[in-house]
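Here is a short briefing on one protein model. Please look over the sequence and the fold before reading on.

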Amino acid sequence: MNTLNALAAISLAYVALLFSVAFFAERSAARGRGAWLRSPVVYTLSLSIYCTAWTFYGAVGYAARSGLEFVTIYLGPTLVMIGWWWGLRKLVRVGRSQRVTSIADLVSSRYGKSNVLAFGVTFLAVIAITPYISLQLQSITLSISIFAEPDPSPDGSLAPVVWVAAGLAVFAILFGTRNLDANERHHGLVTAIALEAVVKLIALLAVGIFVVWGLFGGLSETSARIDASNIGTFGVEADRWIAITFLAAAAFVCLPRMFQVMVVENENEDYLRTASWAFPAYVFLMSLFVVPIAVVGLEIMPSGDNPDLFVLTVPLSQGREALALLAFLGGFSSAPSMVIVAAVSLSIMVSNHVVMPIWLALRGQGAAVSGDVRNVVLLSRRVSIGVVMGLGVLYYELSGGGAALAAIGLVAFAGIAQILPALVGGLIWRGATRVGALGGVGVGFAIWLWSFFLPGLGGGLLPESVMVSGPFGIGWLRPYALFGIEGPDPVV
């Protein structure tokens, strides 16, 4: 109970710190002060929002289950950043010149301001991000349960998940919908994300240093233990490596939260020069001790323990409660920032491309409309944030809340990647058409929904007969063997 009290006190103090930093940054930006808010360092650290609970907790579990395949999650974004001159630079330039506020806005603007296409991208994004939000909620509740009871397995209660989702929704509403900015920039949120980036990096490095020099006795012994472990014997499946690296690169560009911090919040494209080497260095440090932590966890933790939680359970098993609390704080930093920015970016898309077109159509274009727009937009965004959080809780419940974090993350990555063809086509191909973009997004969404999203919901939505024989016995429509393709892994 003392540990739980300390956990609660630390969490509340940390949240208060984030509130203070965000509030101070908002005030400084509003008064035209705080040049440090507009620096390449803060911008680069804000990109660390890519490193969520999947990275902090799930990467270790991924390594324990699949060996070095976890590297693909870092490799995709690294390749994108290294090649910023050919891709990201144009994306940022177009975003700034056309004053886009979301990825749906950018895609729409490249195809004649098609609101139908923007609506389609928004709908896909909301559904695709739902598993990712569920992943973050699951990671927070699982990490809390480690300190609450000897058995960290989920007990089926939704109460902790609901409370966490509600708290994150409040933070998102306070600092994501305080006012309307024509550029949709949120200096308070970005600064809080930058602070969280430092905290989660320090926490993960601290656990890694403890494992390598405190438990293994140095680098040479660590290398020998890795070679002797099962992780050292996992083979590399080229098709999965290529597929997941591509998905990670696509998600890095297309995830609404990444687009928000990378394009919308960017005030100077020269920031990309710094980020092109600093961000790969950051993710390298985040991945540096993943394998040693996974190896020691497999060695000393009881069989059947959740490897996603080795970052917490390994220090606890050695009586290092202070280190475990620091690790919890790092994990706590990894999840909320992603959920908050994802909810804010999705709420902007929903209000701009779903709510407002409907509201304006119902009210007409009279002069009296303009005075009400601000209140309608803010209300729609606040309600949207609540709905997005609710969908994350619903997915958590339907999926059983017990899947490996990496598996849930791949579902979200594959879904959001369906936006990439329309985005790239709009940027570089003059012959790209609105109908083609809408068809591509729609078909991609339908295939992902049937062959990846629905099968991941605990088997409850698709009967076993459909999984084995296909709907109405049509074998080539089986979700994991769509169009008769049975050889490759389902992700591929």
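Buried means under 20% relative accessible area, exposed means over 50%, and partly exposed lies in between (1.4 Å probe, protein chains only). By that rule Glu-69 is buried, because its relative accessible area is 6%. This is a predicted model: local features need pLDDT of at least 70, side-chain atom pairs count only at pLDDT 80 or more, and totals for chains, interfaces and linings use all residues. Residues are numbered from 1 along each chain as its sequence is written, and side-chain values use heavy atoms, with hydrogens and water left out.

**Overall make-up**

- The protein chain holds 21 helices and 0 strands. Helices (H or I, at least four residues) and strands (E, at least two) are DSSP runs, numbered from the N terminus.
- Of the 492 residues in the protein chain, 56% are buried.
- Contact means heavy atoms within 4.5 Å. Take the contacts in the protein chain between residues at least 6 apart in sequence: 82% of them join residues at least 24 apart.
- The accessible surface of the protein chain is about 20,000 Å², and carbon and sulfur atoms account for 65% of it. Accessible areas come from the Shrake-Rupley method with a 1.4 Å probe; for residues, only the protein chains shown count as cover.

**Salt bridges**

- A salt bridge is a side-chain nitrogen of Lys or Arg within 4 Å of a carboxyl oxygen of Asp or Glu. The whole structure has 7 salt bridges.
- One of them pairs Asp-308 with Arg-65, with the closest N and O atoms 3.2 Å apart. Asp-308 sits in the loop between helix 14 (290–300) and helix 15, and Arg-65 in helix 3 (residues 53–66), so the pair ties together parts that are 243 residues apart in sequence.
- How covered are the two partners, Asp-308 and Arg-65? Asp-308 is buried at a relative accessible area of 2%. Arg-65 is partly exposed at 36%.
- Arg-240 and Glu-69 also meet through their side chains in a salt bridge, at 2.5 Å from N to O. This pair links distant parts of the chain: Arg-240 is in helix 11 (residues 238–254), Glu-69 is in the loop between helix 3 and helix 4, and they are 171 residues apart.
- Arg-240 is buried, with a relative accessible area of 11%.
- Glu-221 forms a salt bridge with Arg-225, and their closest N and O atoms are 3.5 Å apart. Both residues lie in helix 10 (residues 219–228), 4 residues apart, or about one turn of the helix.
- Glu-221 is partly exposed at 34% relative accessible area. Arg-225 is partly exposed too, at 24%.
- Glu-221 and Arg-225 belong to a network of salt bridges with Glu-299.

**Helix 4**

- Helix 4 (residues 71–82) has 12 residues. From its first C-alpha to its last it reaches 16 Å, close to the 16 Å expected at 1.5 Å a residue. The expected span is 1.5 Å times one less than the number of residues.
- Its buried residues are Thr-72, Ile-73, Tyr-74, Gly-76, Pro-77, Thr-78, Val-80 and Met-81.
- Which residues does Thr-72 contact, leaving aside its neighbours within four places in sequence? They are Trp-241, Ile-244, Thr-245 and Ala-248. Thr-72 has 0% relative accessibility, so it counts as buried.

**Helix 15**

- Helix 15 (residues 310–317) is mostly covered, with 6 of its 8 residues buried.
- Those buried residues are Phe-310, Val-311, Leu-312, Thr-313, Val-314 and Pro-315.

- Arg-99 has a positive phi near 55°, in a residue other than glycine. Arg-99 lies in the loop between helix 5 (88–97) and helix 6 (103–109).
- Lys-113 has a positive phi near 55° and is likewise not a glycine. Lys-113 lies in the loop between helix 6 and helix 7 (115–148), and is exposed at 53% relative accessibility.

**Nonpolar surface patch**

- Val-443, Ile-447, Trp-476, Phe-483 and Ile-485 form a nonpolar patch on the surface, with about 500 Å² of accessible area together.
- Patches are made of residues with over 30% relative accessible area and no salt bridge; like charges are joined within 9 Å, and nonpolar side chains (Val, Leu, Ile, Met, Phe, Trp, Tyr) within 5 Å.
- Trp-476 lies in the segment after helix 21 (464–469). Trp-476 is partly exposed, with a relative accessible area of 48%.
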